[in-house]
Amino acid sequence: EPGDAGQIHLLELDYFVGHRSLVTVHGPLNPDVPIENALRETRAVAKRLLDRRLSPASPAELSPAIVSALAARMETFVAELTRKVAGLERRVMRREGGDFEEALEEMFRVRHELLALRTMTSACRELYARMSALRRFLPPEAQPFIEDLTDHFERVRSVCDSEREFLQGVVDLYQSRTSVKMNIAMERLALMSAVMLPLTLLAGIYGMNVIVNDN
């Protein structure tokens, strides 16, 4: 869950799948995060069940619906960060916005968000990849769903990596442009110093108080 100033709140969801039941456990939660945000996906799946738009044959088939909703939420978050990265890239290329230090801070915040999301999706992907490898402990009807979830998290992780690399390129471009500007400014300052130094020396010599002894 995105927070203020690039902060990312981690919402933990654990679930237990039995033969005739599925139990979800939410938390611990950051006090700044409303409980409604943590229950967003499970309530959405429950509504689909009540509306008969979802009819799983077993709890093992129900659990992927919840996790798919979480993965879709992550994809939406990645899409939001992608738009931010595109806006920052245009801002740097067109030299818009005036305050480039603020733009650089925004780049670092977005990179932190991408890194946090990438870490979470990588952990989820490895978890379901491990579950997919332990086929003897999974009911046959759940195996295709587990493989699909593994692929889903892998796609989100791949997009995070691509956007993070692109953002790093934008940061490098900004820093290179800033370094060039500083070098040009230093060259101009050195040229001005070279021109003014002889004049300063002459002014210093002829401006000295000379004491003449008449004796």
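Contact here means heavy atoms within 4.5 Å. The model shown is predicted.

View 1. Val25 sits in strand 2, which covers residues 22-26. Set aside the neighbours within four places in sequence, and Val25 is in contact with Glu12, Leu13, Asp14 and Phe16. Take Leu13: twelve residues separate Leu13 from Val25 in sequence, and the C-alpha to C-alpha gap in space is 5.8 Å. Is Val25 buried or exposed, or partly exposed? Val25 has a relative accessible area of 36%, so Val25 counts as partly exposed.

**View 2. The whole chain, element by element.** The chain has five helices and two strands. Starting at the N terminus, the order is β-β-α-α-α-α-α. The chain counts 215 residues, and 28% of them are buried. Consider contacts with a separation of 6 or more. In the chain, 64% of these join residues 24 or more positions apart.

**View 3. The largest pocket and its centre.** The largest pocket holds about 1100 Å³ of space. Its lining is made up of 44 residues. Which of them lie nearest the centre? They are Leu13, Tyr15, Val67, Leu70 and Tyr128.

**View 4. The elements that line the largest pocket.** Strand 1 (13-17) supplies at least two residues of the lining. So much for the strand; the helices follow. Helix 1 (35-38), helix 2 (40-50), helix 3 (59-93), helix 4 (100-133) and helix 5 (143-206) each supply at least two residues as well. Which element gives the most to the lining? Helix 3 does, with nine residues.

View 5. How many residues of the lining are nonpolar, polar and charged? The lining of the largest pocket has 30 nonpolar residues. Seven are polar, and seven are charged.

**View 6. Two cysteines, Cys124 and Cys160.** The structure holds zero disulfides. Cys124 has a relative accessible area of 23%, so Cys124 counts as partly exposed. Cys160 is at 0% relative accessibility, so Cys160 is buried. The cut-off for buried is under 20% relative accessible area.

Note on methods
Residues are numbered from 1 along each chain as its sequence is written. This is a predicted model: local features need pLDDT of at least 70, side-chain atom pairs count only at pLDDT 80 or more; totals for chains, interfaces and linings use all residues. Side-chain values use heavy atoms; hydrogens and water are left out. On a 1 Å grid over the protein atoms alone, a cavity is a set of points where a 1.4 Å probe fits but cannot get out, and a pocket is an open set with protein on both sides within 12 Å along at least five of seven lines; lining residues have an atom within 4 Å of a point. Grid points are joined across faces, edges and corners, and a volume is the space filled by probe spheres set on the points. Helices (H or I, at least four residues) and strands (E, at least two) are DSSP runs, numbered from the N terminus. Ala, Val, Leu, Ile, Met, Phe, Trp, Tyr, Cys and Pro count as nonpolar, Asp, Glu, Lys and Arg as charged, and the others, Gly among them, as polar. A disulfide is a pair of cysteine sulfur atoms within 2.5 Å. Buried means under 20% relative accessible area, exposed over 50%, partly exposed in between (1.4 Å probe, protein chains only).
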